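Trainee: I've got a new structure to look at, and I'd like to learn how to read it. Can you walk me through it?

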Amino acid sequence: MLDIKFVRENVELVKKGVTAKGYDAGVVDEVLKLDLKKRGLIKEIEEIRAQRNIAASQKDIEKGKEIKQKLQKLEPDLENVEKEFLEVFGKIPNLPSDKAPVGKGEKENVEVKKWGEPTKFDFEPLDHLELGKRLGILDFETGAKVAGSQFYFLYGDGARLELALSMYVFDKLSKEGFLPVITPDLAKSRYYLGTGYMPKGDEAQTYTIEDEDLGLIATAEVTLAGSHADEVIPEDVLPLKYVGCSHCFRKEAGAYGKYSKGLYRVHQFSKTEMFIYCKPEDSDKLHESILKMEESIYQELGLPYRVLEMCTGDLGAMAARKFDIEAWMPGRNDYGEITSTSNCTDYQARNLNIKYKKKNGETEYVHMLNGTAVVMSRVPVAILENFQTKDGSVVIPKVLQKWMGKEKIESKNG
RNA sequence: GGAGGGGUCGCAUAGUGGUCUAGUGCGGUCGAUUGGAAAUCGGCUAUAACCGCAAGGUUAUCGAGGGUUCAAAUCCCUCCCCCUCUGCCA
């Protein structure tokens, strides 16, 4: 959430930001109205409570009874107003950064960089599904049998590739000061709803556990952000840098179609995610450093990619600024998203109540940043499709060979 | 899963209905003392919201949420977490 004081004092600015994100600026007026109502009630109730405390200390039972009745009338009002306030206030998204390009949607995202060229073949290339099947490393049929459509089994070098990618980024990023973490794959609703992943408004993405306040996480961002909830972090340990590995679960309701076939869109995948807690003044710089790390990973893997900066209309609720990397995927004959890095400024920190303590004793909300390191579904799509050879084998990127113990994936893999 | 014990102001502890505006010790901090220090003595020592130009004031918070009461850290209910024992289990 935003800072209500800031909203009170910068109404027009907030409305402008909300509009740029494609949200209805009417909620801002609604919030201010509720805020006023809430404060009026708080004042009234606190005065009565002060009287109650006096009556109690004087053991004035009659007066106390009288006061109790007054409070019993007013307190539920306040409760309702507060609830309503939070509900509406939560609808106001984080404001976009000044640096984010203004635009309505996906089409107005800005390509800020291109690295490499789309791969050319002197033979008819296969898509990753066909390749995976022929190599015996990827099996959606058995996935469907056991868990349903859009689940898959990885065998042999398919399974090794996932672990090799994980080891590679853990290794690379720990040299950059990121602490490797394996997080729980489930989280309480406070975290999987409030924190992290609320794509385009609805929450139907999350698998939940019956009769428990638990859901399967859609990304380790949820658990990494939750891990410091309600904490005050000493200034000198910032920035805190994590690279978390988890399984990710998404219902992806209605998201079928040729464009997202195979591993591109699945219900379960593994992902390593960078996550940084930092001081507000450092967040821009660190956000760029995450993007640089991501680029460095894909350059080392040798995958052609482009970098898109999201326009205001495509930032989502949490982010003030966001970059996606899209890798070339011959099977789609197009670029496909493989990373996304967001600067959520203090918006998430306010939701989760995460502050830091300055040397002078003051506390302030931290800034929170996230960025994909490697997503084990889509990156293998790009690897298989870009590095396939005429004989049907796939060349393993150099940086992964150490972890795979071989240079090529061939059909007679074990 | 079962049985027992516990969760109090940074840490440790006291507190079983009103005198709790939560005591004490430790730590921290400021000051006194000192040539300087130790020791000693004294002050201060949370977070948030609301009112106020400010000084300041008020309210809330004793794991969380409900309830009883004029009044709850204290009584009742539900839940969470930690420890010990125990069962099952990779």
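This is a predicted model: local features need pLDDT of at least 70, side-chain atom pairs count only at pLDDT 80 or more; totals for chains, interfaces and linings use all residues.

Trainee: How does the surface near RNA strand B split by class?

Mentor: Seven of its residues are charged, five are nonpolar and four are polar.

Trainee: Okay, on to the sheet. How should I think about strand pairing?

Mentor: The general idea is that strands of a sheet pair through backbone hydrogen bonds, and they can be parallel or antiparallel. Here, eight strands make an open sheet with mixed pairing, and the order is β1-β10-β11-β12-β15-β9-β8-β4.

Trainee: Which are the edge strands?

Mentor: β1 (110-115) and β4 (179-182), since each of them pairs on one side only. From one strand to the next, the twist averages 25°.

Trainee: How many bridges join β11 to β12?

Mentor: Nine, linking residues 321-329 of β11 with residues 334-343 of β12, and the two strands run antiparallel. If you want one pair to find on screen, take M329: its bridge partner in β12 is D334.

Trainee: What lies across β11, β12 and β15?

Mentor: Helix α12 (residues 378-386) does, running at about 35° to β11; β15 covers 367-375.

Note on methods:
Residues are numbered from 1 along each chain as its sequence is written. Chains are lettered from A and ligands numbered from 1 in the order in which they are written. Ala, Val, Leu, Ile, Met, Phe, Trp, Tyr, Cys and Pro count as nonpolar, Asp, Glu, Lys and Arg as charged, and the others, Gly among them, as polar. Two strands pair if DSSP finds at least two bridges between them. Helices (H or I, at least four residues) and strands (E, at least two) are DSSP runs, numbered from the N terminus. Axes are lines fitted to C-alpha atoms, for helices over the stretch in contact, and angles run from 0 to 180 degrees between N-to-C directions. Two residues are in contact if their C-beta atoms, placed from the backbone, lie within 7 Å.
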